[in-house]
Amino acid sequence: MALKTRIREFRARYNLSQKDLAKMVGVRRETIGNLENGKYNPSLKLAMDVSKVFETTIEEIFSYED
């Protein structure tokens, strides 16, 4: 199973750069890039922080696909 994220889509909707989002959730910009590219699985706290920024649920942003 691979983690799929919609972070890039939500960032575009909110007009945020990777750096902006990273600062808002307390991680490095590279972490956001790795999340978007499926190279990093977020902690529950990070997933919750990202979902709060975008005012949606974790499930709307993160999913697993076979």
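Helix H3 is followed by Gly38, which has a positive phi near 70°. Helices here are DSSP runs of H or I with at least four residues, strands are E runs of at least two, and both are numbered from the N terminus.

Before I go on: this is a predicted model, where local features need pLDDT of at least 70 and side-chain atom pairs count only at pLDDT 80 or more, while totals for chains, interfaces and linings use all residues. Residues are numbered from 1 along each chain as its sequence is written, and side-chain values use heavy atoms, with hydrogens and water left out.

Back to H3. Its buried residues are Thr31, Ile32, Gly33, Leu35 and Glu36; buried means under 20% relative accessible area, exposed over 50%, and partly exposed in between, with a 1.4 Å probe and protein chains only. These residues pack against strand S1 (2-5), H1, H2, H4 and strand S2 (62-65), contact being heavy atoms within 4.5 Å.

Now H2. Which of its residues are buried? Gln18, Leu21, Ala22 and Val25 are. They cover an arc of only 100° around the axis, so they sit on the same side of H2; the arc is that of the directions from the helix axis to the C-beta atoms. The face turned away from that buried side carries Lys19 and Lys23, both exposed. The buried residues of H2 pack against helix H1 (7-14), H3 and helix H4 (44-53). After H2 comes Gly26, also with a positive phi, near 80°.

Last, the H2 and H3 pair. The contact involves Gln18, Lys19, Leu21, Ala22 and Val25 of H2, and Arg29, Ile32, Gly33 and Glu36 of H3.
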